[in-house]
Amino acid sequence: MKDIFRMDSPFAMIDSKLLDALKQVKYPGFSRDIVSFGLINGATLEGSTAKVGLAVTSADPRVPAQLKQDVEQALSLLPGVEGVEVTVSVTKPNTPPPPSGGGQGKGVSGPAHQQLPGVKKIIAVASGKGGVGKSTFAVNLACAFDKLLSAQGRTKRVGLMDCDIYGPSVPMMMGMNARPEVEGNMLIPLENFGIRVMSMGFLIDESTPVVWRGPMVMKTIQQFAANVDWGEMDVLVVDLPPGTGDAQLSLVQTLPLDGAVIVTTPQSVAVSVTCRGAMMFEKVNVPLLGLAENMSYLVGPDGSHVPVFGEGGGEAAARHLETPFLGKVPLDPAIGQGSDRGIPIVVSSPDSPAGSAFLKIGQDLLEKLGAQQGGQ
Ligand code: ADP
């Protein structure tokens, strides 16, 4: 059993040696692998027979056939494997997911890039726990991307998908309180500051009990990917719900992420939780682009940095995770005030220490994303 670990509960048993080999198998026509697309239902070695279950969403019958063949080929090369049995369950796109409880996330969706054909890069902003400023970060990062891309003369859009359904604060932070229009079966994102935004906050009543929202997560996010007209877009920023549980893992699988950013605060308690968040991305083979620290220090009247919550936590966590440290965003009361007024600090005060910290991190991330697959 040493070789076998159990991923979080929606998953069957996965043999780590098989998983590594499966990471080499690309989804037909894509440069991403089938593990990161979340297609693996199970992978076990029984005697010398590797048994693999895949769940694919595709209308093209060649896709499951090709996948089966590629998986058989990749696994048959492994020492100790003499036979390979691949079971592919195929769901046609746009058929509703089975009305099961607890079966969510078993690779229910194929690569959503098919569903988001105009979106070039998708990055997630995540945190191990709530209250570290993840949504603030996602909002300001989206605004920073827009500013930076506009300065480069890019006319394409930046989007923000608020998946933090337990506390969808993005609409307030972006100064939006309308309901999105529906055209055909597509929702049209709302737009402010040049950012196209979709949020559960537009669709639910604030009085909807949080306990009802849990079962809606996967369905909502699938709809955010499949039934929202995002249009042509350079970057889509996804604000994930805080934490590292099943809901987050399912989301990370469902969306075809090009990378993830972890937000933390300097406190060590937040840092240890952060590491669990990072491991979640590793499991599904989504590259971690880096870790950023929020609420790092107060800027004193003389320009000095006062580390109210301690120092060095973010850098330590980044070192531990072997991921780049993207930078520090200071504590600034104007951020909280801006959130309440619906104007992100990157829009209202781009030259402030916090505004310029977001812009610098945004620039760094654009370069990292651009460097992937030889540029945008
Ligand atoms: P999360 O998404 O992690 O739960 P939020 O982004 O909602 O956190 O932020 C929590 C609160 O902290 C909000 O009121 C926000 O305005 C405030 N906040 C976030 N970052 C900063 C900062 N750097 N300086 C001051 N207030 C901040």
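How many nonpolar, polar and charged residues does the lining of the second largest cavity have? Let's walk towards that place in this predicted model and find out.

A search of the whole structure turns up three cavities of 30 Å³ or more. We will step into the second largest cavity, which holds about 50 Å³ of space. Look around and you will find Thr136, Val139, Asn140 and Met173 in its lining, together with Ile335, Gly338, Ser339, Ile343, Pro344 and Ile345. Two helices, H3 (134–151) and H11 (333–341), each give at least two residues to this lining. Now for the count: six residues of the lining are nonpolar, four are polar and none is charged.

Next, let's visit the ligand. There are 16 residues around the ligand, and those that come nearest are Gly131, Lys134, Ser135, Thr136 and Pro330. You have already met Thr136, as one of the residues lining the second largest cavity. Helices H3 and H11 also return here: each supplies at least two residues of the shell around the ligand, as do strand E14 (288–299) and strand E16 (325–331). By class, this shell has six nonpolar, eight polar and two charged residues.

Now zoom in on single atoms. A polar backbone atom of Gly131 sits 2.8 Å from an oxygen atom of the ligand. For Ser135, a backbone N or O atom is likewise 2.8 Å from a ligand oxygen. With Asn294, the side chain takes part: one of its N or O atoms is 2.9 Å from a nitrogen atom of the ligand. On its own, the ligand has 560 Å² of accessible area, and the protein covers 78% of that.

Technical notes: Residues are numbered from 1 along each chain as its sequence is written. This is a predicted model: local features need pLDDT of at least 70, side-chain atom pairs count only at pLDDT 80 or more; totals for chains, interfaces and linings use all residues. Side-chain values use heavy atoms; hydrogens and water are left out. On a 1 Å grid over the protein atoms alone, a cavity is a set of points where a 1.4 Å probe fits but cannot get out, and a pocket is an open set with protein on both sides within 12 Å along at least five of seven lines; lining residues have an atom within 4 Å of a point. Grid points are joined across faces, edges and corners, and a volume is the space filled by probe spheres set on the points. Helices (H or I, at least four residues) and strands (E, at least two) are DSSP runs, numbered from the N terminus. Ala, Val, Leu, Ile, Met, Phe, Trp, Tyr, Cys and Pro count as nonpolar, Asp, Glu, Lys and Arg as charged, and the others, Gly among them, as polar. A residue is near a molecule or strand if one of its heavy atoms lies within 4 Å of it. A polar contact is a pair of N or O atoms within 3.5 Å; within protein, one must be able to donate a hydrogen and the other to accept it, and residues adjacent in sequence count only if both atoms are side-chain atoms. Accessible areas come from the Shrake-Rupley method with a 1.4 Å probe; for residues, only the protein chains shown count as cover.
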